[in-house]
Amino acid sequence: MAVPKRKMSRSNTRARRSQWKTTATTLTTCPQCKSQTMPHTACPTCGAYKGRTFAEAVRTEFAN
Ligand SMILES: [Zn+2]
């Protein structure tokens, strides 16, 4: 495996890290309670997913 020959300068390190960015989470609207939820995930508010309600999802929300 290639190993760097020289220590990277603080300036270079910081210039590279200045390009790190976060992206906004994609959110969809729950068809049942109209709250914002992550796609492909049971709604954390009411536990609804694909027309069914998953009470387990609601319970684990408060357990963690
Ligand atoms: Zn919901």
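The lining of the largest pocket comprises, by class, seven nonpolar, seven polar and one charged residues, where Ala, Val, Leu, Ile, Met, Phe, Trp, Tyr, Cys and Pro count as nonpolar, Asp, Glu, Lys and Arg as charged, and the others, Gly among them, as polar. The model is a predicted one, in which local features need pLDDT of at least 70 and side-chain atom pairs count only at pLDDT 80 or more, while totals for chains, interfaces and linings use all residues. Residues are numbered from 1 along each chain as its sequence is written, and side-chain values use heavy atoms, with hydrogens and water left out.

About 160 Å³ of space lies in this largest pocket, the volume being the space filled by probe spheres set on grid points that are joined across faces, edges and corners. On a 1 Å grid over the protein atoms alone, a pocket is an open set of points with protein on both sides within 12 Å along at least five of seven lines, and lining residues have an atom within 4 Å of a point. Of the 15 lining residues, C30, P31, A48, Y49 and K50 are the closest to the centre of the pocket, and the elements that give two or more residues to the lining are β1 and β3.

As for the overall fold, the chain has two helices and four strands, taken as DSSP runs (H or I of at least four residues for helices, E of at least two for strands) and numbered from the N terminus. Along the sequence these elements follow the pattern α-β-β-β-β-α. Of the 64 residues in the chain, 12% are buried, where buried means under 20% relative accessible area, exposed over 50%, and partly exposed in between, with a 1.4 Å probe and protein chains only. Among contacts (heavy atoms within 4.5 Å) between residues at least 6 apart in sequence, 0% join residues at least 24 apart.

C30, one of the residues closest to the pocket centre, also coordinates the zinc ion, together with C33, C43 and C46, each through SG, at 2.2 to 2.3 Å. Donors here are N, O and S atoms within 2.8 Å of the metal (3.2 Å for Na, K and Ca), and water is not among the atoms, so sites may look incomplete. The angles among the four donor atoms run from 106 to 112°, and the site is tetrahedral, a label given to four donors if all angles lie between 85 and 135 degrees. Along the chain, the donors follow the spacing C-x2-C-x9-C-x2-C. Although 13 residues apart in sequence, C30 and C43 are 6.7 Å apart in space, C-alpha to C-alpha.

Leaving aside neighbours within four places in sequence, C30 is in contact with S35, T37, C43 and C46.

| Residue | State | Relative accessible area |
|---|---|---|
| C30 | buried | 2% |
| C43 | buried | 2% |
| T37 | buried | 5% |
| K34 | exposed | 58% |
| H40 | exposed | 72% |

Most residues other than glycine have a negative phi. K34, in the loop between β1 and β2, has a positive phi near 65° without being a glycine. H40, found in the loop between β2 and β3, is likewise not a glycine and has a positive phi of about 60°.

Technical notes
Four donors count as tetrahedral if all angles lie between 85 and 135 degrees; four count as square planar and six as octahedral if opposite donors are over 155 degrees apart and all others between 65 and 115; anything else is irregular. On a 1 Å grid over the protein atoms alone, a cavity is a set of points where a 1.4 Å probe fits but cannot get out, and a pocket is an open set with protein on both sides within 12 Å along at least five of seven lines; lining residues have an atom within 4 Å of a point.
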